[in-house]
Amino acid sequence: MKILMYAVLEPEKKYIKQWSEENGIEVKCVDERLNKDTVKWAKGFDGIDFQQTQPLEPEVYQALHEYGIKQLTARMVGYDMIDFDLAKKYDLIVTNVPAYSPRAIAEMGLTQALRLVRKLGYYDQRMDKLDFRWAGLESTEIYNLTVGIIGAGHIGGATAQLYSALGAKVIATDPIHRVELSPYLEYTDQDTLLKTADIVTVHTPLNDSTTNLFNAATFKKMKSTAYLINMARGGIVNANDLIAALQAKEIAGAALDTLADEGQFFEKQATADEIPEDYKTLRAMPNVLISPHSAFYTDTAMKNMVAMGLDDVVAIVNGKRPQFEVYGK
């Protein structure tokens with residue numbers, strides 16, 4: 001059996017080598033993303049594994065089918081880059097890695113929230129001008145706050161546990177109420193959460209119901225002192241509406257690990273003309289933190305996402321059901 005892995009990060013390679021040796025399966029790594037130009041490299045392989053936020057072109061699905069490949073394995077949580085109609089048309093089973101390290105993303109969200117609450121962006125801006133005064137930047141402590149989690153799945157659940165351990169009150173909205181989270185959160189409806197929470201942290205997939213979930217109307221429901229944390233998908237937040245809400249002081253700040261237009265410049269050394277205006281505007285604000293979709297990037301996550309993704313590739317190639325199927329034939 002031979003597997004081709006696309007968009008392999010340097011830190012992943014040692015875990016790929018370890019998995020390959022333990023399982024006796026050949027794995028080839030390439031740096032490039034899976035697209036209509038690189039899909040030809042998959043010819044002669046039994047399965048593929050990739051990670052990226054950029055959509056797959058129609059040519060990719062057809063080529064994989066012609067090469068006899070039976071699956072699309074995204075070694076990441078999100079799978080909105082995959083067209084399920086085309087996957088169905090070309091008999092491709094889709095899998096992801098839904099919980100390679102929920103704690104990694106939860107910790108990044110918490111880290112950014114604490115930076116916002118303690119107004120460190122404002123301090124940085126002042127200190128860049130050699131102004132070391134703290135007047136007007138009084139903050140609060142986390143145990144005084146209510147944290148609202150939208151999407152209490154693997155990552156949202158880990159987030160609830162972290163904030164609860166710090167003494168915050170945690171509320172959440174999710175269509176599934178998980179009894180094992182009852183020590184850490186209380187479930188409520190979305191409107192109550194938006195009106196009540198001091199920190200609103202988002203951990204939902206991107207789909208028809210969550211696209212532009214945070215828009216002008218949503219921000220008006222939030223407290224003017226509230227912070228938005230988006231560690232999920234960029235399309236969940238309307239960037240222009242967020243900018244307007246921040247400028248109007250309808251909310252106090254935001255931390256974003258992802259943007260709707262990030263495919264233009266994230267994950268590479270960008271040029272000035274590739275940077276969109278929404279990024280420039282947000283990046284200049286002292287109450288906005290942006291990271292390049294890197295919340296997942298820990299050693300634990302790297303090891304798990306490699307092993308879990310490759311295990312599912314092997315299962316499908318061998319005619320077995322994968323553990324993390326999101327779409328099947």
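**Pocket, salt bridges and surface of a predicted model**

Colleague: How do the residues of the lining of the second largest pocket divide into nonpolar, polar and charged?

Modeller: That lining divides into nine nonpolar, seven polar and four charged residues. Please keep in mind that this is a predicted model.

Colleague: How many residues line that second largest pocket, and which lie nearest its centre?

Modeller: The second largest pocket is lined by 20 residues. Those nearest its centre are Lys-119, Ser-224, Thr-225, Tyr-227 and Ala-252.

Colleague: And what is the volume of the second largest pocket?

Modeller: The volume of the second largest pocket is about 400 Å³.

Colleague: Let us change topic to charges. How many salt bridges does the structure hold?

Modeller: There are 14 salt bridges in the structure. One of them joins the side chains of Glu-12 and Arg-75, with an N to O distance of 2.8 Å.

Colleague: Where do Glu-12 and Arg-75 lie, and what does the pair tie together?

Modeller: Glu-12 is in the loop between strand S1 (2-5) and helix H1 (13-23), and Arg-75 is in the loop between strand S4 (71-74) and helix H3 (84-89), so their contact ties together parts that are 63 residues apart in sequence.

Colleague: Is Glu-12 buried or exposed? And Arg-75, buried or exposed?

Modeller: Glu-12 is buried, because its relative accessible area is 0%. Arg-75 also counts as buried, because its relative accessibility is 0%; the cut-off for buried is under 20%.

Colleague: What about the salt bridge of Lys-13, which side chain does Lys-13 meet?

Modeller: The side chain of Lys-13 meets that of Glu-10 in a salt bridge of 3.1 Å, N to O. Lys-13 has 31% relative accessibility and therefore counts as partly exposed. Glu-10, at 57%, counts as exposed.

Colleague: Which side chain does Glu-180 meet in a salt bridge?

Modeller: The partner of Glu-180 is Arg-178, at 2.9 Å from N to O. Glu-180 has 45% relative accessibility, so it counts as partly exposed. Arg-178 counts as partly exposed as well, with 23%.

Colleague: Which residues do salt bridges that share partners join into one network?

Modeller: The residues of that network are Glu-12, Asp-49 and Arg-75.

Colleague: Now the backbone. What is the phi of Ala-7?

Modeller: Ala-7 is not a glycine, yet its phi is positive, at about 55°. Ala-7 lies in the loop between S1 and H1. With 9% relative accessibility, Ala-7 counts as buried.

Colleague: And what is the phi of His-293?

Modeller: For His-293, which is not a glycine either, phi is positive at about 55°. His-293 is placed in the loop between strand S12 (288-290) and helix H11 (299-317).

Colleague: Why does His-293 count as buried?

Modeller: His-293 counts as buried because its relative accessibility is 14%, and the limit for buried is under 20%.

Colleague: One more topic, the surface. Which residues make the nonpolar surface patch?

Modeller: A nonpolar surface patch of about 360 Å² is formed by Met-127, Leu-130 and Phe-132.

Colleague: Where does Met-127 lie?

Modeller: Met-127 is part of helix H5, which covers residues 120-128.

Colleague: What does Met-127 count as in terms of relative accessibility?

Modeller: Met-127 has 40% relative accessibility and therefore counts as partly exposed.

Methods:
Residues numbered from 1 in each chain as written. Predicted model: local features only at pLDDT ≥ 70, side-chain atom pairs only at ≥ 80, totals over all residues. Heavy atoms only, no water. Patch = residues over 30% accessible without salt bridge, like charges linked within 9 Å, V, L, I, M, F, W, Y side chains within 5 Å. Areas by Shrake-Rupley, 256 points an atom, 1.4 Å probe, with all protein chains shown as cover. Salt bridge = Lys/Arg side-chain N within 4 Å of Asp/Glu carboxyl O. Helix = DSSP H or I, 4+ residues; strand = E, 2+ residues; numbered from the N terminus. Buried < 20%, exposed > 50% of the residue type's maximum accessible area, 1.4 Å probe, protein only. 1 Å grid on protein atoms, 1.4 Å probe; cavity = no way out; pocket = protein on both sides within 12 Å on 5 of 7 lines; lining within 4 Å. Points joined across faces, edges and corners; volume = space filled by probe spheres on them. Nonpolar A, V, L, I, M, F, W, Y, C, P; charged D, E, K, R; others polar.
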